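Student: I have a structure open and would like to talk through its side-chain pairings with you. Could we take them one by one?

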Amino acid sequence: QVQLMESGGGLVQPGGSLRLSCAASGSFFSINAMGWYRQAPGKERELVARINTDDSTNYADSVKGRFTISRDNARNTVYLQMNYLKAEDTAVYFCNADVVEALFRRHFDVWGQGTLVTVSA
């Protein structure tokens, strides 16, 4: 069973920075794309950023130029560097990964439990 463990959330003032981390653990064959999603109160979950195994990335328009996603394949970890944070970035941030299991090479969409980011003065 694969687990994703997020860390790095917290309270930050507008204009500040935070770095989220998400590490995968357990037994699997490989991890393909990894990403970050967020869900603000009363809103649907939305894509923030995603990174593929070739390090190609895509971002939500609202975070382009402020957030950077990266990954360390040796550590099965994905990061989200968030700069120039705004109040509207306040949300629970979820890590996501496309995991390939070892036995039959099936793909599983795995989610972390989420970490809260609050941007407030």
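Tutor: Let us begin with a charged pair: Asp 89 forms a salt bridge with Arg 66, their closest N and O atoms being 2.7 Å apart, where a salt bridge is a side-chain nitrogen of Lys or Arg within 4 Å of a carboxyl oxygen of Asp or Glu. This is a predicted model, in which local features need pLDDT of at least 70 and side-chain atom pairs count only at pLDDT 80 or more, while totals for chains, interfaces and linings use all residues. Residues are numbered from 1 along each chain as its sequence is written, and side-chain values use heavy atoms, with hydrogens and water left out.

Student: Where do Asp 89 and Arg 66 sit in the chain?

Tutor: Asp 89 is in the loop between strand 8 (77-82) and strand 9, whereas Arg 66 is in the loop between strand 6 (57-59) and strand 7 (67-72), so that the pair links distant parts of the chain, 23 residues apart; strands (E, at least two residues) are DSSP runs, numbered from the N terminus.

Student: And is Asp 89 buried or exposed?

Tutor: Asp 89 is buried at 1% relative accessibility, and Arg 66 is buried too, at 10%; buried means under 20% relative accessible area, exposed over 50%, and partly exposed in between (1.4 Å probe, protein chains only).

Student: Which residues do salt bridges with shared partners join into one network?

Tutor: That network consists of Arg 38, Glu 46, Arg 66 and Asp 89. Within this group, the side chains of Arg 38 and Glu 46 meet in a salt bridge at 2.7 Å, N to O, with Arg 38 buried at 7% relative accessibility and Glu 46 partly exposed at 36%.

Student: How many salt bridges does the rule give?

Tutor: The count comes to six, and one of them pairs Lys 64 with Asp 61 at 3.1 Å, N to O, where Asp 61 is exposed at 64% relative accessibility.

Student: Changing topic, how many disulfides are there in the whole structure?

Tutor: The search finds one disulfide, a term for a pair of cysteine sulfur atoms within 2.5 Å, and it joins Cys 22 to Cys 95 with an S to S distance of 2.0 Å. Cys 22 lies in strand 3 (residues 18-25) and Cys 95 in strand 9 (residues 91-100), so the pair ties together parts that are 73 residues apart in sequence.

Student: What about its handedness?

Tutor: The torsion about the S-S bond of Cys 22 and Cys 95 is about -85°, so the disulfide is left-handed. Cys 22 is buried at 0% relative accessibility, and Cys 95 is buried with a relative accessible area of 0%.

Methods
Helices (H or I, at least four residues) and strands (E, at least two) are DSSP runs, numbered from the N terminus.
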